[in-house]
Amino acid sequence: MKTLEKRTDIILESSIDTTDKLQKICQLLYDEIDYYNWVGFYFKNGDKDELKLGPYVGAATDHIIIPFGKGICGQVAVSNETFMVQDVNEQDNYLSCSIDTKSEIVVPIFKNGNNIGQIDIDSHKINPFSIDDKTFLENLCKKLGLLL
């Protein structure tokens with residue numbers, strides 16, 4: 001993960017615009033970690049209590065808007081804490097984006113102490129995420145909070 005962290009730092013430090021940076025981060029994570037089968041960002045939609053889909057890589061999703069509290073992403077918008085689900089079938093409040101998704105990790109992004117969005121990663125494997133994934137993604141989101 002250290003090499004990957006350096007590569008995301010290079011993207012964050014580049015002169016391209018923010019949307020392109022986010023898209024490149026999605027693509028890098030999708031390409032480099034074989035169990036990251038969908039990588040995307042959701043951001044707070046203005047003053048509404050909902051998330052709006054941002055840049056992503058993976059299968060198309062119908063979940064362009066997610067109300068706070070709905071699904072794993074909506075729960076993170078309310079709890080302000082990383083949520084790692086090793087088996088989505090064990091979650092009552094799971095919002096299915098794909099029949100292939102077996103697990104999900106969602107990490108909030110804070111700017112000036114406010115939850116402004118999150119990175120959402122789905123996997124087609126059960127129990128793929130480790131503490132290393134959690135730590136890496138939380139560090140990435142801290143850096144994103146400074147950028148956004």
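Which residue just after α3 takes a positive phi? Asparagine 80 does, at about 65°. The model discussed here is predicted.

## Overall architecture

The chain has 4 helices and 6 strands. Read from the N terminus, the elements follow the order α-α-β-β-β-α-β-β-β-α. The C-alpha trace spans about 40 × 35 × 25 Å along its principal axes. A compact globule of 148 residues would have a radius of gyration near 15 Å, and the 14 Å of this chain agrees with that.

Of the 148 residues, 45% are buried. Among contacts with a separation of 6 or more, 51% are made by residues 24 or more positions apart.

## Surface and charge

The chain exposes about 7600 Å², and carbon and sulfur atoms supply 48% of this area.

## Helix α3 and its cover

Helix α3 comprises residues 71-79. Its buried residues are Gly71, Ile72, Cys73, Gly74, Val76 and Ala77.

## Asparagines in loops

Most residues other than glycine have a negative phi, and most peptide bonds are trans. Asparagine 112 has a positive phi, near 55°. This residue sits in the loop between β5 (103-111) and β6. Asparagine 112 counts as exposed because its relative accessibility is 74%, where the cut-off is over 50%. Asparagine 127 also has a positive phi, near 60°, and is found in the loop between β6 and α4. With a relative accessibility of 52%, asparagine 127 counts as exposed too.

Asparagine 45 belongs to the loop between β1 and β2 (50-57). Its relative accessible area is 19%, so asparagine 45 is buried, the limit being under 20%. Leaving aside neighbours within four places in sequence, asparagine 45 is in contact with Glu50, Leu51, Lys52 and Ile65.

## Aromatic pairs

The structure holds 6 aromatic pairs. One of them joins tyrosine 36 and phenylalanine 129, with 6.1 Å from centre to centre and 55° between the planes, a tilted arrangement. This pair links distant parts of the chain, as its two residues are 93 residues apart. Tyrosine 36 is in the loop between α2 (18-32) and β1 (38-44), while phenylalanine 129 is in the loop between β6 (114-123) and α4 (131-147).

Both tyrosine 36 and phenylalanine 129 are buried. Together with Tyr35, they form one aromatic cluster.

## Leucine 137 in helix α4

Leucine 137 lies in helix α4. What is its relative accessibility, and does leucine 137 count as buried or exposed? The value is 0%, so leucine 137 counts as buried. Not counting residues up to four places away in sequence, leucine 137 touches Leu29, Tyr36, Ile105, Val107, Ile119 and Ile121. Tyr36 in this list is also a member of the aromatic cluster with Tyr35 and Phe129.

Aspartate 47 is 90 residues from leucine 137 in sequence, and their C-alpha atoms are 26 Å apart in space.

## Tryptophan 38 in strand β1

Tryptophan 38 is placed in strand β1. Its relative accessibility is 7%, so tryptophan 38 counts as buried. Which residues does tryptophan 38 touch, not counting those up to four places away in sequence? They are Tyr30, Leu53, Tyr56, Val57, Gly58, Ala59, Thr61, Asp120, Ile121 and Asp122. Ile121 is also among the residues that leucine 137 touches.

Tryptophan 38 and serine 98 are 60 residues apart in sequence, with 9.8 Å between their C-alpha atoms.

Definitions and conventions. Residues are numbered from 1 along each chain as its sequence is written. This is a predicted model: local features need pLDDT of at least 70, side-chain atom pairs count only at pLDDT 80 or more; totals for chains, interfaces and linings use all residues. Side-chain values use heavy atoms; hydrogens and water are left out. Rings of Phe, Tyr and Trp (its six-membered ring) pair if their centres lie within 6.5 Å; planes under 30 degrees apart count as stacked, over 60 as edge-to-face and the rest as tilted. Buried means under 20% relative accessible area, exposed over 50%, partly exposed in between (1.4 Å probe, protein chains only). The radius of gyration is taken over C-alpha atoms; the globule rule is 2.2 Å times the number of residues to the power 0.38. Contact means heavy atoms within 4.5 Å. Accessible areas come from the Shrake-Rupley method with a 1.4 Å probe; for residues, only the protein chains shown count as cover.
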